[in-house]
Every structure is written in C-alpha cells, then in structure tokens.
Amino acid sequence: MDTIERNLENWRASLLQSIPLGGLISRNSIAYKWKAPFRCWVLREAAFWRVTDLLTQSYALHQQGHVLGARILLRSGFETLATLLYLNHNVEAVLSGTLNFHEFSHMTTRQAGGSKNDPAHPSAVNVITMLDKGDKRYPGLRSLYDSLSESAHPNFEGMVWGYSKVDHDESETNFSNRWTELHGEQHLKSLELCMMIFHHEYDDVWVELIDRLESWIVANDDMLEVTKNDQLPG
C-alpha cells in the first residue's frame with residue numbers, strides 16, 4: 001500500500017458521523033446560540049467527506065489508467081479545498097476586525113446552503129472567488145486549478161491535444177488517448193498536494209480558529225446582540 005492509498009484509508013476511517021448540537025452548546029453555550037459557528041463545523045466536515053470521496057475516486061481512476069477522469073475529479077477536489085480555505089479566511093477576517101460577524105454569518109449560509117439554480121436558496125459563493133482567496137495563502141493554487149480545468153473542457157487541450165498528435169514527417173494526424181503520457185506522472189503529485197493542504201487547514205488552522213472564534217463571540221456577545229438586526233453590507 002503506497003502513501004496516498006494509506007492516507008486515504010486513514011481519512012475514510014476518520015470521517016465524522018454526526019455533530020450533536022447539544023454537544024456544541026455544552027462546549028460553549030454563548031458561542032453556539034449563534035448559528036455561524038455551528039455552520040463552521042458542518043462546512044468543515046462536509047468538505048472532508050467530499051474531498052475524501054473525490055480523491056479516493058480520482059486515485060482509483062488514475063490507477064486504472066483513466067487519467068482524464070482522474071484529473072476532472074481532482075479539479076473538484078481543489079474546488080472543495082477552496083471552500084475550507086475560504087471559510088478559514090473569513091474566520092480570520094472576523095477575528096482581525098475586517099469582516100462584520102453578521103456578514104460572516106451570511107457568508108456561511110451562502111457556503112452551506114447556496115445554489116446557482118434555486119432562487120429559494122441564497123446565492124452560492126463563486127468557486128473562483130474562493131480559489132483566488134486560497135491562492136493568496138498558497139501561491140500557485142489557482143494556476144494548478146486552471147490547468148486541470150483545461151483538461152476538463154472540450155477545447156484544444158481537452159480534445160485535440162489530449163487525443164491526437166501530428167506527425168510532421170508524414171503530414172498526418174494520428175489519434176490515441178494521450179492522457180497518461182501527458183499528465184500521468186504529475187497527477188499523483190498534485191493529488192498529494194491537495195491532501196497535504198487540506199489536512200493542514202482541517203487539522204491545524206481550523207481547530208485553532210474555531211477556538212479563537214468561540215472566545216471572540218463570548219467577549220463580543222453584547223455587541224452582537226445589539227447589532228444582529230442591522231442591515232447587512234451589500
């Protein structure tokens with residue numbers, strides 16, 4: 001069993017099965033009378049379930065030689081990573097005083113319940129917005145995502161480059177599946193990078209931030225009560 005397979009197995013064994021609201025209230029009754037920190041927990045665990053599922057399937061397809069499908073799933077894995085990066089970025093902004101808590105709460109609603117298609121739901125946060133925030137913390141993240149997107153789309157790289165090669169000596173175009181040749185070796189490195197960043201943000205960054213956010217809410221609870229009915233920015 002190689003490192004990626006072993007780590008994915010450990011991830012699957014670590015997936016949280018439930019978040020009892022009563023347990024969070026016992027943890028901090030003042031902080032969890034507000035919905036935003038509860039949504040932080042839900043978003044974190046839903047992202048973990050999704051990224052584990054996506055990367056498990058991406059790895060399996062790669063092992064079977066289905067590199068295009070593996071890259072498309074990895075692209076979705078990086079989008080899922082971006083949701084956690086965006087959540088952590090916004091918590092840090094609340095703590096630094098650059099983001100209004102009630103606006104932050106609205107943003108968690110958009111992340112947890114947003115939709116592009118259903119007008120009954122709040123507007124979903126654009127994934128490029130989240131990726132661009134993540135790129136500031138991890139430079140190169142957006143360019144890697146853009147490369148994966150080129151494979152996912154039926155443009156030059158996704159079609160002509162992925163399935164044909166010109167023989168200039170014979171003046172003919174030959175067709176074959178070239179995805180393993182083009183991206184097979186790099187795929188596992190990119191998958192490992194996605195896992196490494198997600199693990200750090202999930203296990204280290206988020207854990208510290210939720211503790212600090214709970215303390216911040218307790219210290220600012222009176223102010224939050226006074227301002228909770230104020231018009232949200234935008």
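How many bridges join strand β1 to β2? Select residues 164–167 for β1: 4 bridges join this strand to β2, and the two run antiparallel. (Strands are DSSP runs of E with at least two residues, and helices are H or I runs of at least four, numbered from the N terminus; two strands pair if DSSP finds at least two bridges between them.)

Before going on, keep in mind that this is a predicted model, where local features need pLDDT of at least 70, side-chain atom pairs count only at pLDDT 80 or more, and totals for chains, interfaces and linings use all residues. Residues are numbered from 1 along each chain as its sequence is written, and side-chain values use heavy atoms, with hydrogens and water left out.

Next, pick S164, which stands opposite F175 in β2. Then go to the turn: the hairpin has 4 residues between its strands, and S171 takes a positive phi near 55°.

Now click E172, in strand β2 (residues 172–175). E172 is partly exposed at 39% relative accessible area, a class lying between buried (under 20%) and exposed (over 50%), using a 1.4 Å probe and protein chains only. Leaving aside residues up to four places away in sequence, E172 touches K165, V166 and D167; contact means heavy atoms within 4.5 Å.

Last stop, the helices: show α3 (35–63), α4 (67–96), α5 (101–113) and α6 (127–137), the elements that each give two or more residues to the lining of the largest pocket. The largest share, 6 residues, comes from α3.
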